[in-house]
Amino acid sequence: MNSALSSGATPRLELDGTTVRIGHRHGASPVDDALAAVAAPIVGEVGSGQPERFRTCASETCRWTFYDASPTGRRRWCDMKTCGNRAKAARHRQRAREESRPRS
Ligand SMILES: [Zn+2]
């Protein structure tokens, strides 16, 4: 994160005639600038927010990372429309198989 932040565009004061304005100096490449722009809010949240809310999706086939902004802070899936629904459907199928087994 620090590497991404330090290689991006940096703000600087620039003299424009008789007025001073805020400009910026680009990083080594547009990719570095983009990575720094993505890293900045993450670093801000980790430093002042709730870093434990950065999670990895509970799906073994996904492992996407996300920030849990839910009120309860108990989110497990990157997205309920994809990984969350797949997990719910798998639990439902498992329960249905268990209930349809003959009992001995
Ligand atoms: Zn996921």
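A residue is called buried under 20% relative accessible area, exposed over 50%, and partly exposed in between (1.4 Å probe, protein chains only). The model is predicted, so local features need pLDDT of at least 70 and side-chain atom pairs count only at pLDDT 80 or more, while totals for chains, interfaces and linings use all residues. Residues are numbered from 1 along each chain as its sequence is written, and side-chain values use heavy atoms, with hydrogens and water left out.

The whole structure holds 4 salt bridges. A salt bridge is a side-chain nitrogen of Lys or Arg within 4 Å of a carboxyl oxygen of Asp or Glu. One of them joins R55 and D68, at 2.7 Å from N to O. D68 is buried, at 0% relative accessibility. R55 is partly exposed, at 24%.

R12, E14, D16 and R21 are linked in a network of salt bridges. Within it, R12 meets E14 at 3.8 Å, N to O. D16 pairs with R21, with the closest N and O atoms 3.9 Å apart.

A zinc ion has four protein donors (N, O and S atoms within 2.8 Å of the metal, or 3.2 Å for Na, K and Ca; water is not among the atoms, so sites may look incomplete). They are the SG atoms of C57, C62, C78 and C83, lying 2.3 to 2.4 Å from the ion. Their spacing along the chain is C-x4-C-x15-C-x4-C. Both C78 and C83 are buried.
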